[in-house]
Amino acid sequence: MKKNHVMNQSMYPVEFTRKFENIQCRTFSVVLLAVLVFFLFSYTVDTISTTFALSDYRRILSCTVSYGLLIIVIAVFAKIEKQELTTQTLGLSLQIPKESKKLVLTFVFLFLITGVGILAFFSYMKFRGIDIHLINPNPFLIPWTEEADWDEKLRTIFFFIIPHSVSVLLFAPFIEEIYFTGLIFPALRNRLGFVLGFTLTAFLFSYHHYSPFLEGQLREFVIIFMSQSLSFFLYQATRSLYPSIVFHFLRNMSVLSLELSAFI
């Protein structure tokens, strides 16, 4: 009996070490996968932009290929985590628990009202003759400001404005929130704790859009970091992705409205 007791004591440190190493390894795989997404996206967009620099289909290819790759990464991540991709696990179920249903609906309603208010404010500023598009100028819309012919304007509409709008208002809010807020954030939060998991995921999301180490991008990085932090808090409070998705949509809609105001 004494011998068995000694053997059991010696096994605990080994089991604990194995468990700890497994957690660290899987945490590393989560972070590495998230970091690789940034470089994968950047390389893909740069390659498409270089290869199809003079092609009208450049923006369409960038949107479809980039988000197609992200969907594949989501599937790979779910495989690593051994997690089923269901509406319930992703926070997309319409059967919201009673204790958080009112909170979810309240946030969604407030964001929708805020969106209407932003559009009304931008419309008023444009009516007053203020060039609000200069707040966030988009080089692809220069033909509109330079009074290009109608052929050039129609090409801009069909080959840039429409795919860009679909990407910003539909693909980005859903796919990015599913990946970063619904998968990466819970994985790192459960391993590293809320504060560290929250901070690291917000950094990865912000770095996915802007690099704080490049000149001129630090301000945008901080803005994205702070706004996405609210998305994580919304998800943490409601256990639903819908408030985060609507908030993401609201952010992108505001930026897109400024860009498109150049030719309205």
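Select helix α7 and color its buried residues: G197, F198, T201, A202, L204, F205, S206, Y207 and H208. Buried means under 20% relative accessible area, exposed means over 50%, and partly exposed lies in between (1.4 Å probe, protein chains only). Helices (H or I, at least four residues) and strands (E, at least two) are DSSP runs, numbered from the N terminus. α7 has 16 residues. From its first C-alpha to its last, α7 reaches 23 Å, close to the 22 Å expected at 1.5 Å a residue. The expected span is 1.5 Å times one less than the number of residues in the helix.

A note on the model: it is predicted, local features need pLDDT of at least 70, side-chain atom pairs count only at pLDDT 80 or more, and totals for chains, interfaces and linings use all residues. Residues are numbered from 1 along each chain as its sequence is written, and side-chain values use heavy atoms, with hydrogens and water left out.

**Whole chain**

Zoom out. The protein chain has nine helices and zero strands. Of its 264 residues, 40% are buried. Now consider contacts, meaning heavy atoms within 4.5 Å. Among contacts between residues at least 6 apart in sequence, 71% join residues at least 24 apart.

**The cores**

Next, select L70, I74, L92, I178, Y179, I184 and L241. Of the 27 residues in the largest nonpolar core, these touch the most other members. Such a core is a set of buried Ala, Val, Leu, Ile, Met, Phe, Trp, Tyr and Cys residues joined through side-chain atoms within 4.5 Å. Which helices each supply at least two residues of this core? They are α2 (58–81), α6 (150–192), α7 (194–209) and α8 (218–238). The largest share, ten residues, comes from α6.

Center on I178. Not counting residues up to four places away in sequence, I178 touches I74, L90, L92, L183 and L241.

**Helix α9 and its partner**

Select α9, residues 242–260. It has 19 residues and spans 26 Å, close to the expected 27 Å. Of those 19 residues, 16 are buried, so α9 is largely enclosed by the rest of the structure.

α4 and α9 pack at an angle of about 5°, with their axes 9 Å apart. Axes are lines fitted to C-alpha atoms, for helices over the stretch in contact, and angles run from 0 to 180 degrees between N-to-C directions. That angle makes α4 roughly parallel to α9. Angles under 35 degrees count as roughly parallel, over 145 as roughly antiparallel, 65 to 115 as roughly perpendicular and the rest as oblique.

The residues of this contact divide into 15 nonpolar, four polar and no charged. Ala, Val, Leu, Ile, Met, Phe, Trp, Tyr, Cys and Pro count as nonpolar, Asp, Glu, Lys and Arg as charged, and the others, Gly among them, as polar.

Pick L119 in α4. L119 is partly exposed, with a relative accessible area of 37%. Leaving aside neighbours within four places in sequence, L119 is in contact with M253 and S257.

Show α8 with α4. They pack at an angle of about 150°, with axes 9 Å apart. That makes α4 roughly antiparallel to α8. S100, L103, V104, F107 and F111 in α4 meet L234, A237 and T238 in α8.

Last stop: R239, in the loop between α8 and α9. Its phi is near 60°, a positive value in a residue other than glycine.
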